[in-house]
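Hello,

Here is the structure I promised to pass on. My notes follow below it.

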Amino acid sequence: MVLDIDSSRGEGGGQMVRTSVALATLTGITTRLTRIRENRPTNGLSKQHTTAVNAVAKMTGSTVTGNFLGSSELLIEPGNEQNTDLVMDIGSAGSISLVIQATLLAARNYTKTFNIDLKGGTNVMWAPPIDTYPMVLFPLMKKMGINASLEIIERGFYPIGGGHVKVSMDPIGHIRPLNLDDMGELKRVYGTCFVQHLSDRIGTDMIDGCRKVFDQKFDIDLTMTRTDGTSRGSGMVLVAEYENGLLSSNVLSSKGHSSQQSGLDAASDLLQEMTAGSTVDIHTADQLLPYMAMADGISTFTVSRISKHLLSQMDTLESFLDVEFSVTKEDDGFHFTVTPGNYK
């Protein structure tokens, strides 16, 4: 049997590719993806997509047909190997964090620690900044019994890349459900601003912009770090830490957009999440969803809005797993209930 997936559905981007390839290897279902990124300005697979697919294939001993730049169709024939140590180079500023998404999910059933050494882009547009993994995603996964760690060796910005990251994940075993109905008391708001081969003024202006939003409402602990690497760029990641959960926002500096405005934007985005009733921010929800769908129980969370990535993730997970998603709209946001098959 071959599962056919129209990859132009929903968000229609690379997320459906990454999740489908990982889930195909987990479930043992031979899968054909068609119309990959058909509605995007550049159709088909890009470097970070082909790297993610190649990494999952190497991890699991799977056979993949059609994994080349610009390809609009993939066939994944799952293997059953557990190769625990991978070294991959995206060869551009393609997102390291998106490759990590696919490989960690594909390693869900590993019985030994999985390690991956990745080179590429750490802080690039249209992808989670690598900082959100140790600051937000991994701590939330830890609540589910999943232990992962990450070391940033070098930052990589567009267009040069050159970033270098090492990631490890312990064998998972059972996944605990994550119930984020009540965030509890706010413990602290903090953030990091990073600058590489640019003026310190960019970082200080970004921090000043952030403080304009937060100083009258919350104390915020901000640090600025200078790093060395082959590329140049800057950005900021902010986190609101509660008793029971974490919310985050992020921004990258860009030409034509003042550094102070970038800081204002990041702070305003986080403040909106904090006041909207969210228990998971919109950038993190779709990354947690696959693990909730495989948990030993029902998970719950609230988002301020439903992103196309979240809708696409739900669609893909339902294609492979026996899982049910329930969404209700209330004054404080969209309340999600994730019910794996054994708990319906």
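Which strands does α4 lie across, and at about what angle does α4 run to β7? Helix α4 lies across β7 and β8, running at about 170° to β7. Contact here means heavy atoms within 4.5 Å; axes are lines fitted to C-alpha atoms, for helices over the stretch in contact, with angles from 0 to 180 degrees between N-to-C directions. Helices (H or I, at least four residues) and strands (E, at least two) are DSSP runs, numbered from the N terminus.

Before you go further: this is a predicted model, where local features need pLDDT of at least 70 and side-chain atom pairs count only at pLDDT 80 or more, while totals for chains, interfaces and linings use all residues. Residues are numbered from 1 along each chain as its sequence is written, and side-chain values use heavy atoms, leaving out hydrogens and water.

Now the sheet. Four strands form an open, mixed sheet in the order β5-β6-β8-β7, pairing being at least two DSSP bridges between two strands. β5 (85–89) and β7 (148–154) are the edge strands. β5 and β6 (residues 114–120) run parallel, joined by 5 bridges; Leu86 has Ile116 as its bridge partner in β6. Helix α3 lies across β6, β7 and β8 (163–169), at about 160° to β6.

α3 also gives the largest share of the lining of the largest cavity, 5 residues. A cavity is a set of points on a 1 Å grid over the protein atoms alone where a 1.4 Å probe fits but cannot get out, and lining residues have an atom within 4 Å of a point.

Best wishes
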